[in-house]
Structure formats: structure tokens, C-alpha cells
Protein chains: 2
Amino acid sequence: MNIQQPRVRPVPSDLIAAIKAAVGEKGWREDADALAPHLIDWRRRYRGTTPLLVQPASTAEVAEVVRLCAAARVPVVPQGGNTGLCGGAIPAEDGSEILLSLSRLNRIRDIDAANGTITVEAGCILKQVQDAASEADRLFPLSLAAEGSCQIGGNLSTNAGGIAVLHYGNARDLVLGLEVVLADGRVWDGLRTLRKDNTGYDIKQLFLGAEGTLGIITAAVLKLFPKPRVRITAFAALNSLPAAIELLARCRATSGEAVTSFELLPRIGIDLGRRYIAGVVEPVAERRDYYALIELSAAANGDGLRSGLDAALAAALEDGLIADATVAESEEQARRLWFVREAIVELQKFAGVSIKHDISVPVSRVPAFMEEAIAASVKALPGVRVVPFGHAGDGNIHFNLYQPEDMDSDPFLRRQPELTRLVHDIVRAHGGSISAEHGVGRLRRDEIGLYKPAVEIELMRRIKQVLDPDNIMNPGKVV
Amino acid sequence: MNIQQPRVRPVPSDLIAAIKAAVGEKGWREDADALAPHLIDWRRRYRGTTPLLVQPASTAEVAEVVRLCAAARVPVVPQGGNTGLCGGAIPAEDGSEILLSLSRLNRIRDIDAANGTITVEAGCILKQVQDAASEADRLFPLSLAAEGSCQIGGNLSTNAGGIAVLHYGNARDLVLGLEVVLADGRVWDGLRTLRKDNTGYDIKQLFLGAEGTLGIITAAVLKLFPKPRVRITAFAALNSLPAAIELLARCRATSGEAVTSFELLPRIGIDLGRRYIAGVVEPVAERRDYYALIELSAAANGDGLRSGLDAALAAALEDGLIADATVAESEEQARRLWFVREAIVELQKFAGVSIKHDISVPVSRVPAFMEEAIAASVKALPGVRVVPFGHAGDGNIHFNLYQPEDMDSDPFLRRQPELTRLVHDIVRAHGGSISAEHGVGRLRRDEIGLYKPAVEIELMRRIKQVLDPDNIMNPGKVV
């Protein structure tokens, strides 16, 4: 990989001393044991080193650390819950960068139920934000597998997706205001709590999804929603891939935006889940290559919702779109159906190594993409186990390739560049994206240049140059 | 006003000749009659001049015109339907700028119902986009008074709001992709049709709401939604201003996001409407100072919606929040209730001159803002008729001051700077915005500097500088 070489000079000892003084003794660590979990990513793909882990307790302390680093032209790598999948929060290997954890900025600063807003610091765990909203009888809809440990600052910096995007949008869409420490250590207070504000360029959009390369998000104002009173979960065995898209269209025609999740799951994923993970039920009697997991939710009386879904599923059965379906009759049954999906994430620990692709295409192109990409993968590597699953309602598929049962990990992983290129070229042919919700980080930094117009890469670089002229904000990531 | 002086040199005649050659004879006008409607804004507040109105027929022609202008360093002012309220589409007074109309870029390029997207050129009339969506059994939810003549490119460039923001968001939230002609005449093709794409900075956000100061939007991919099957319209007489916010909270608790509009209307507006405009009904029997116009909509069976609203209104009556309410029993009655609201916009032509403020505050602060701003206005100018109305569900109030019955227009308008400062300072005290949905243009360009952090203005200027270094894209507007 062609990672940009950061400055090779070591971090000056007087800078380290100044940072320590600025944050106080609770605000830094340099012992190997404390540093270790911060220096490797969740997927164990990137390892870095750093002379100092800084853990500021306030926005003012973050600003002071950045100001000191800017003066010394030493890079700063911000880190949240370190659950990212693209290596965006891991410092360089050569120890030339300060690692700045947002963990101690973990206060809920304000909640205004009537305005539908919550103001949180970057280090708040996503679950903590969800819970605070729930206590105010509101919903904060961002939800994803790492929600018990990821931090909201990281969610915003990577524009996280998850299981409720179909209705509520991506993390970006949930933000009304930001507080950001800029590359020169100044603080931009853009913590507006307004639904409408057309007083100039929407500066906050630059920092959302920028993975800390333009500034460090220290706090945010997030939108809250009415809490759903009714949730209905269904599972259907599909007779074909195009049937998935037709079923989605029919559910939305009947139930509109009450369709909050529409997940596509492959038979092979359920089989592997049942093999490796306890508690994975057989969701419906009929076995098919693909299944849909559907969730509807609404604040109002849900009678019409249930009867509408029942009618849509009955018609889909009659018309041959699906072979079988079940609608959960209890929360426990709904939980079991969702666990089938969660197991397909979980089994990654047990079913051998995998080559992952977090892609999106237009929703209407999902079946064609899937058919072409599976055929091409199997042709390139006979025996490869293709386990594509994910947020079909958003056109977002986690197109994961597992090693053939009779192949070792190393030779399989050596095929990664070729297999990834194959899959991503098919993504491009369908007008898709090679990173739908995981971001760029180090993993896709060079690759995006292959799939984006040159003028767009140039615009990104010019934005980076103007906001971070000395390239000290998380260098070597994204752009 | 401190409008930045554009270059005073006249537009070179060889540039004009080159532009004419580039766009062909249907692509330009220079006769006074053809130019006249393009040189004054809808509110007749700004008048400009130009040596040439260019009407390119394609993105390539727009790009060529901008390329020629960039080479000659002559400014270009893009114009859509010319329905803006802040003078953003009117060229300078000195004739130094080329006026570029997007009207001939008016094709619907594509519609993909299964993906929920429509690809439109900038010159499409908003109504044309709504109709095309409707024919595909989908909803394009942007809706505002000028929808029969405003163009979608202008809507996106001003991040338009309107009556459905509460549920569907602002224009910005409805965009998946853009095609933009940059300041050097290159075209950025960012026409993605994806719900999720995390491959770097979200460049399109810069051009949305930038009023043509960073580039010219020539086409866009817009989100479509399931078409509502049920709409319920209600009108309630409020016993107090805080009751409006409590009623909104209760409606959302019962009906969730089915609450698609929540408009606040003052008694004085209804009285003036009934005095000047035929067909304005008395919406409910009880007379109060303020009323709420509420619309619920949903794709599914609406039985639960109607019974939920009935129950919420009955409880609000019982609890003393409202004095009276009606729920429309027919589309005709719903239309009549909405016409009461439309008349409050319309009466601006008849009820004397007015000083307008398009402000927003947190929804929870609307009552306090209204009370303080009305008291301050009446104290500053006894007899002033305050007619505040608008999208209370978004915290967006059109806080309009009409001249006292016994005062002439000119002395009233001379009080504008003082009255506006008074109102906007109260907006600031409540954490609000001085331009919620209308934009900045020339009207608020200098004023935003009073209400935004200096660092934010500086960031805006740096963005402008890097994307338009010669300041030829709609100079003197926004920043």
C-alpha cells in the first residue's frame, strides 16, 4: 500500500512535556500496556506506534493539544472507540504522531425533548446517547453492531450507517450542529440546535465523514425522533434476488416510511451461523438462497401496519415472490429473527478469514450486481464462499468472500487485490460506491482514486490543503 | 449596504462575441424587453444590469460559457426562476456581469422508481419535478409557494425549505448527487444515485445552499419517497403560544413522523386575509390570537392516524391547550383550511408594505421568542402590525412587520435597520438563525457577520477563495 510517509523525525520531547502539562496527569499515558489496545484496529489489520496517548478532559484541552502540535508541526490522530474498519484511527508505524483519545469528553451536555435535540460530547458511547434519548421518551436512531463501544465522535467522523438508514438516514443526516477543533487549535462553535439555518455555507458538512483529517469533532447537536410505539419484524424466504427489490417496493407502497429496515441475508450465512453460533434458529420452514428481514415501526397505533404487512406478504406468496414468511408474534421472536442477522456478522470470527467489501449500488441494481459479482468471484477462485448480506433497502451490501474450505488463509489473502479489484469494478459498472458506510481510512485511500472523477479527488485535496495546510490532522488517511 | 464592488470595467466585446458563438442564436438575448424580467427580483428590491443574458441548452454550453468568463475574469451570475427573496440571482448594477439563466436545461434525465431517485436538470420547474415523481407513484416532497415557477437548481442553491421540512427535511436533505460547473469551467459529475457513499469528503454539500458562489449546479439526483395514501388536515385555535409547542409534542407522541406540517398562524393574519382576499373561511368558531394548522400523512391505512389525532385534539381541549378544533372531512375542506395559510402569504400584496424576517429558533423557544420580539417591536414602533406566521414545527417563523395603519410607507421603511436589528438580536439571544430558509444573497450578506462566529466567516471565505480564486462566481453574494 502506498501510505503517505509522515515526517520521520521523532516527536520532540519538549512538545511531549508541554502536552503533558496542558492536560494534567490524568490526561496522558505512555506505558505500553495502556497504549496497546489503542495501537491496533478492531480487524487487526493496522498496527501503529506513538510516543504519547493524550486523553483530554475538555474541548479547551483538545484545542490546546492541537495548538501545541500545530506549532511543532507534529501530526495528531484522533481516536474514538477504535471500532473502525478502515484503519482511520490508528497512528503511523514510525511513532511520529500523537494519538488523541476523545474518551474523556463523554458528557451529555443537554437534551431538549421539545426541540428534539441532544447535545453530546464526542466521547459519548453510542449506546449512552441512545439511552439518554430513550429516557426523554425520544429515539436516537443510529444503530450498529459496535454501539456498545463505538463513540459518537467516531460515528460522525465516519458518517456511520447501520440498520435504520432506510428511514432515518446516515449519521450525517442526524446532525444539526458541531463543535470542532481546527488544525490551528482554534475552536469553531457551530453547536446550533436549529432545524433550518441558511446563513451561508454548511461548514459542518466538511467535518462529517472526514475521519479527523480536517479537524477534530469535540461535540455535536443530534436530532431526536418520536419513539416508535410499534415494531413489527418479519422474515421471508425469497424465490429470487429480483424478488427482494419487488418485495421492498411493495412493502413501501403499503407501509411507506414505516419500513425502517430491509436486510438481505443469504442461505449460506444462515447455515454458517447455525454451524458456529448457538441460538440461531431456522427462521422459516422453506429453504431458499436468499431471505429478507423486514422491520416496520411507527409511533401511532400499529393495527394498519400489521394488517398491511400481512396482506403484502400474502400477495407476495401468491405471486411467487416468496416461498414462505413469518411475522414475529412477540418481542422474543423478533429478537430471535434479528439474531439470525447478527450471527452473520458474528460468524466472521469462526468461519475462516474473509475478504470484505462494503459496497453500495442503486437499490434497483442490487440483484444484477449480486449475480455478476458472485459469478465473477467464483470463476476467479472456485470454491470461494460468497456471503453477501446487508442493507439491501439502501443498496448497501457487505460482499464478503470467505476462504474455500480446502484452501489455507495465506494463499487466499494473497488473492485479495485481484478479487477486490474484480468486485469493485463491477460496483463501478453499476454506478456504485466502494465504501458505502465504513469510510476510507487507510484501507481505501489509494483505491478511491480509481473510482472517483479526478476533479473530485482534486477538490478534496484542495479542501484538505486549505483547512489543514501543514497536513497535521490525521495525515495519510482519506485523501 | 456594503456590497462588494465588482470590477467596474465593462464586459469585453470579444468575450460577448465568443459566448454568443458558443451558445448559438437561441442561447442569448440582449434586448431590453427580454432582459427586463431577469434584472429585478421578485420583491422588487434589487435591480441590476447586464450586457448579455445567456441561456445555454446543455451542461457543456454552461461549462463553455464559464470557461470563457474565467479566462476573461468576468463574473457570472446564475439565475433560475428568479423567485428568490434575498437578491441572490440579480446581477450587479454596473453591468459588469454576465447573467446565465438555467431555464433551457429543463429535462428530467431519468427516473428510477425502484431506487427512489429522479435525475433532473437545474432548470426544471419544481412543479415539473413533483409531477414526474407523482406519475411514477412516488413523492418528491419539496413544496413551497413559488413551486409553479421556481427552478430546482435555485431550490438546491438556496437550500429551500417549505411546508414539509418537519418530516422530509430541507432541499439539502433531498439530494443524493450533483453535477456542477466549477469556476474554471470544468464539470464535476457527482450524479450518484446512492443512499450511502462514504468515499471521502461530501463535496456536493458545498454547492448546496451556496447560491451559485462556488459553482453552478446543472443537474441533480433527488430522493423520492412513497406516495402518501392518506392526508389529514386539522385547524386548532390555541389558548396560548406555549400551547402550540405542547400540542406539537402531543401530536408527534401520538402520530410520530406522520406529522408532516405544523404551521402557526396569527389571528391578525386571518383577519387581514379575510379583509383582502376572497375565499378565506373562518376556520373554527372560537377566536384566539394564534392557530395551528396541522397535517398528518402516511402511506398506510390511515384509521389509526385519524383516531389518534381526534384523541390528541380532544385531550388538548380538555386540558385547556386549545379552545376549538376542526378536522377536514373532505379534500375540499382541507384545501380551504390550507388556503387560510396561503392567504397570509398572499395578503402581502394588499396590506401595505412590510419588513420581513425569516428566522428560526429552537422549537422549544418559539413562544418566548415570539413574545419578546412582538413586545419589542410594538414598543419601538407603536401601532406596527406584527404578523408572525410559519413553520413552527421547524422553529421557523416569518416574523413580518406591517406598517401602522396611520403611517406612510417611506417613514416606515426608514425604520427597517433599527427594527431588523431589534428582532435579530432577540433571535440571537435564543440561539437562532437570521435566515432560516430564504438564504443570504445580497440582503443578509453583511449582516451574517454580526451573528456568526468570526472563525466560521473566515472558513467560508477560505472555501470561497479555494473554489473560486478569481471571485467570478456570483460575486458580492453570501460571503
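**Notes on strand β6 and its sheet, chain B**

1. Let's start with β6(B), which is covered on both faces: Thr117(B), Thr119(B) and Glu121(B) are buried on one side, and Ile118(B) and Val120(B) are buried on the other. Bear in mind that this is a predicted model.

2. Counting along the strand, five of the five residues of β6(B) are buried, so the rest of the structure largely encloses it. Here buried means under 20% relative accessible area.

3. Now the sheet itself. It is open, with five strands in the order β5-β6-β10-β8-β9 (chain B) and antiparallel pairing. At the edges stand β5 (108–112) and β9 (187–190) of chain B; each has a single partner strand, so one side of each lacks a neighbour in the sheet. From one strand to the next, the twist averages 10 degrees.

4. On one side, β6(B) is joined to β5(B) by four bridges, and the two run antiparallel. Asp112(B) sits opposite Thr117(B) of β6(B). Four residues lie between the strands of this hairpin, where Gly116(B) has a positive phi near 65 degrees.

5. Then there's the pairing with β10: β6 (residues 117–121) and β10 (residues 216–223) of chain B are antiparallel over five bridges. Val120(B) stands opposite Ala220(B), and Glu121(B) is opposite Ala219(B). Helix α4 (residues 126–135) of chain B packs on the sheet, touching β5, β6 and β10 of chain B, and its direction makes about 35 degrees with that of β5(B).

Note on methods:
Residues are numbered from 1 along each chain as its sequence is written. Chains are lettered from A and ligands numbered from 1 in the order in which they are written. This is a predicted model: local features need pLDDT of at least 70, side-chain atom pairs count only at pLDDT 80 or more; totals for chains, interfaces and linings use all residues. Side-chain values use heavy atoms; hydrogens and water are left out. Two strands pair if DSSP finds at least two bridges between them. Axes are lines fitted to C-alpha atoms, for helices over the stretch in contact, and angles run from 0 to 180 degrees between N-to-C directions. Contact means heavy atoms within 4.5 Å. Buried means under 20% relative accessible area, exposed over 50%, partly exposed in between (1.4 Å probe, protein chains only).
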